[in-house]
Amino acid sequence: MKKLVYLSTIFFLALSANAQDPVSPPQTGQRVQPDPDRIITIETGNTSLVLKVSSRDGRLYQSYFGPRLGSTDSFSQQRNESHLAYATFGTDNLFEPAVRALHNDGNPSLELTYLSHETESLGKDATLTKIIMKDPQYPFEVTLFYKAFAASDVFEQWTEIKHNEKKAVTIYNYASSMLHFDAEKYWLTQFHGDWAEEMKARESELTPGIKILDSKLGTRAHMYQTPVFLLSLNEKADENTGQVLAGTLGWSGNFRFLFEIDEKNSLRVISGINPFASEYFLQPDQVFRTPSMIYTFTCKGTGQVSRNLHRWAINHGILDGTGSRYTLLNNWEATGFNFDEKKLTSVLDDTKKMGLDVFLLDDGWFANKYPRNHDRAGLGDWQENKAKLPNGLGYLVKEADERGVKFGIWIEPEMVNPKSELYETHPDWILKLPNRPEHYFRNQLVLDLTNPKVQEFVYNVVDGMLTANPGIAFIKWDCNRMMTNMYSTYLKDKQSHLYIDYVNSLYGVLDRLRAKYPSLPIMLCSGGGGRVDYGALKYFTEFWASDNTDPLERIYMQWGYSYFFPAISVCNHVTSWGKQSLKFRTDVAMMGKMGYDIEVSEMTENELKFSQDAIANYNRIKDVIYKGDLYRLISPYKENRAALMYVNQEKTKAILFSYTLNTRYGETINRVRLQGLDPSGTYTIREINVSNEGRSFMGMRGMTENGRSYTGDYLMNVGINAGSGTPLTSVVYEITK
Ligand code: DGJ
């Protein structure tokens with residue numbers, strides 16, 4: 001590994017005479033003549049981030065962030081020093097800081113000057129640049145980390161804060177990243193919603209002042225706002241043109257993205273954990289590490305930022321991103337809490353009959369004193385319910401095995417119903433306020449994961465179940481409420497640590513579990529898509545995007561997720577939500593990680609046959625969907641239809657999904673121009689998932705392109721028929737070179 005290390009000669013002196021903390025700084029240096037400006041360049045394949053250490057004041061500034069430059073020599077002459085790379089509070093910064101601290105002697109100001117930096121190569125795709133800055137008057141150190149991924153054009157940035165003062169230092173702000181932009185206009189796209197309405201995109205122009213996207217929900221933290229955004233410079237975001245930044249925070253708790261336009265129309269974007277009600281008392285030598293801010297920039301529009309993030313996520317962001325995924329049959333929509341062993345055995349038969357990989361047993365299988373027959377009782381008591389499962393989970397694992405399918409199971413180990421043995425035995429393990437009534441959401445409370453005993457309990461719930469039943473092949477990890485009752489008996493006088501320590505404790509438990517079970521597929525669920533971020537996806541193979549599986553709604557939702565998360569991670573199940581045809585429901589689910597949550601025994605013979613064929617099709621093409629490049633062709637936000645396609649890396653196979661949503665009288669909307677193909681290659685089109693029910697070409701003879709061959713050039717410039725005037729119909733083409 002190649003390492004380049006630089007040390008500053010504008011280093012600061014030992015503590016000044018009037019500083020009140022007599023502790024020696026960890027290192028000292030001598031005052032010498034200032035260096036000329038030092039330029040630090042961090043690059044991906046197509047983007048340069050240029051930072052500069054000013055010879056005037058020793059601070060670190062952002063000089064440039066944009067398309068990759070051939071040389072950065074000219075920056076040493078640039079005198080624009082207004083964009084601090086990591087702005088502090090208390091001296092001369094007049095805008096939002098990235099970091100704010102109260103020193104142990106009561107001094108509320110922080111100053112940071114450059115100390116040293118180094119860049120190391122992490123194999124052929126990535127470099128890690130580490131820049132250390134210190135307060136000249138206090139032994140307080142901030143290190144900025146930038147991981148730059150060449151091939152995917154993605155930056156991962158985080159910060160470490162530590163000090164060696166005499167007593168704890170309170171930190172109030174601790175951003176993961178701070179970026180500056182100078183454009184005429186700034187367009188922000190946010191993705192907000194609620195339960196069953198996740199990921200609704202809305203674009204608005206930023207105006208001078210501050211706009212914040214954040215969460216204060218603690219757990220299930222992304223229920224109203226997902227920690228992602230698109231920032232488009234000058235023009236509104238376009239799929240194929242324009243300068244766009246896509247950003248997302250890898251943190252499963254409260255996040256904050258702050259956009260501030262100053263009097264000169266410069267924009268600063270500060271991203272990280274939400275500092276709301278979260279001042280942190282940092283002990284000497286304790287390291288505060290922020291989560292990673294993940295971002296990518298392009299001049300080629302939103303399509304390219306998505307492809308960048310997907311490539312990065314598959315290779316670096318998601319557990320087993322380069323692997324494959326199981327298809328599931330889940331019982332939640334079909335049975336709810338109402339099942340027994342006989343019913344489940346028949347669902348195992350259905351799993352086999354459909355050609356699916358895993359039967360996933362959902363909520364309701366546990367608790368005896370307060371049986372989990374509804375959501376008002378039993379949560380926390382993770383023993384098989386004897387009435388429903390007299391022979392235990394082991395029996396179902398064995399039955400699954402005998403049928404050649406796998407068995408998966410639902411858990412929600414971070415939560416408790418007040419009507420449970422866990423609540424009765426360990427009232428002090430639960431977040432609840434002294435002198436206040438308990439506040440419930442879905443009749444449950446959050447366990448205090450900051451308490452090591454609770455961490456041990458949660459670990460043992462999972463480990464105990466997997467040890468007793470080694471055949472369990474899949475887990476769905478749910479989390480059905482946000483945090484209220486914000487008080488931890490364990491944290492005592494450090495209540496403001498709760499939001500942060502909770503998430504870090506959860507990661508601690510997941511680290512332990514992943515050390516023992518490195519590759520077990522686990523679906524991340526949070527009452528729908530309430531916990532969707534790359535902090536969690538390091539531990540999870542996929543996520544449940546929403547409880548709303550109505551395919552019309554899903555087209556918008558999955559469209560939203562597709563900006564930031566690759567199809568391999570987005571679980572889409574065919575269910576009975578919505579009135580659309582089975583074909584339409586299947587075609588919508590297929591654009592991601594397809595599964596089923598449906599009563600198979602109620603299917604007609606035709607429906608069963610259609611589904612079996614669709615699953616076989618899916619197994620043949622899923623690798624292209626999981627790992628191909630995504631091209632969003634026609635947005636449902638702009639037209640009465642939606643179309644998107646995936647193309648494999650070799651450009652030999654593509655899958656096109658086209659959905660007609662609604663139509664006006666006389667409207668013909670069927671032509672789609674493809675993208676991402678080899679222009680000189682010849683491609684043959686095969687229509688798959690053909691069914692007369694809900695098929696877009698119903699009654700339109702000759703409209704299907706099935707069996708025809710075209711050049712890539714033709715497909716991309718002239719286009720093909722892939723839709724109809726009939727609302728809620730769809731077509732899927734497998735396109736092979
Ligand atoms: C919420 C999840 O989103 C559903 O899929 C289901 O698992 C229920 N919880 C079970 O309680």
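Q: How far is an oxygen atom of the ligand from an N or O atom in the side chain of D547?
A: In this predicted model, whose local features need pLDDT of at least 70 and whose side-chain atom pairs count only at pLDDT 80 or more, totals for chains, interfaces and linings use all residues. That distance for D547 is 2.5 Å. Residues are numbered from 1 along each chain as its sequence is written, and side-chain values use heavy atoms, with hydrogens and water left out.

Q: Which residues come nearest to the ligand?
A: There are 13 residues around the ligand, and D362, D363, K476, D478 and D547 come nearest, where near means that a heavy atom of the residue lies within 4 Å of the molecule. The side chain of D363 has an N or O atom 2.6 Å from a ligand oxygen, while for K476 a polar side-chain atom lies 2.8 Å from an oxygen atom of the ligand.

Q: Changing topic, how is the protein divided?
A: It is divided into domain 1 (2-23 + 34-317), domain 2 (328-625) and domain 3 (630-736), with bounds that come from an automatic or database domain assignment. The C-alpha centres of domain 1 and domain 3 lie 41 Å apart, and their contact (heavy atoms within 4.5 Å) takes eleven residues from domain 1 and six residues from domain 3.

Q: How much area do domain 1 and domain 3 bury between them?
A: About 730 Å², with 32% of it on carbon and sulfur atoms; buried area here is the accessible area (1.4 Å probe) that the two parts lose on being put together, summed over both. On the side of domain 1, E239, R307 and R311 supply 51% of the area buried against domain 3, more than any other three residues.

Q: What does E239 form with R632?
A: E239 and R632 form a salt bridge, with their closest N and O atoms 2.9 Å apart, the term meaning a side-chain nitrogen of Lys or Arg within 4 Å of a carboxyl oxygen of Asp or Glu. The count between domain 1 and domain 3 is one salt bridge.

Q: And how many salt bridges does the rule count altogether?
A: The count comes to 44 salt bridges, and one of them joins the side chains of K52 and E81 at 3.5 Å, N to O. That pair links distant parts of the chain, 29 residues apart, with K52 in strand β3 (residues 47-53) and E81 in the loop between β4 (60-67) and β5 (99-102); strands are DSSP runs (E, at least two residues) numbered from the N terminus.

Technical notes:
Polar contact = N/O pair within 3.5 Å; in protein donor to acceptor, adjacent residues only side chain to side chain. Helix = DSSP H or I, 4+ residues; strand = E, 2+ residues; numbered from the N terminus.
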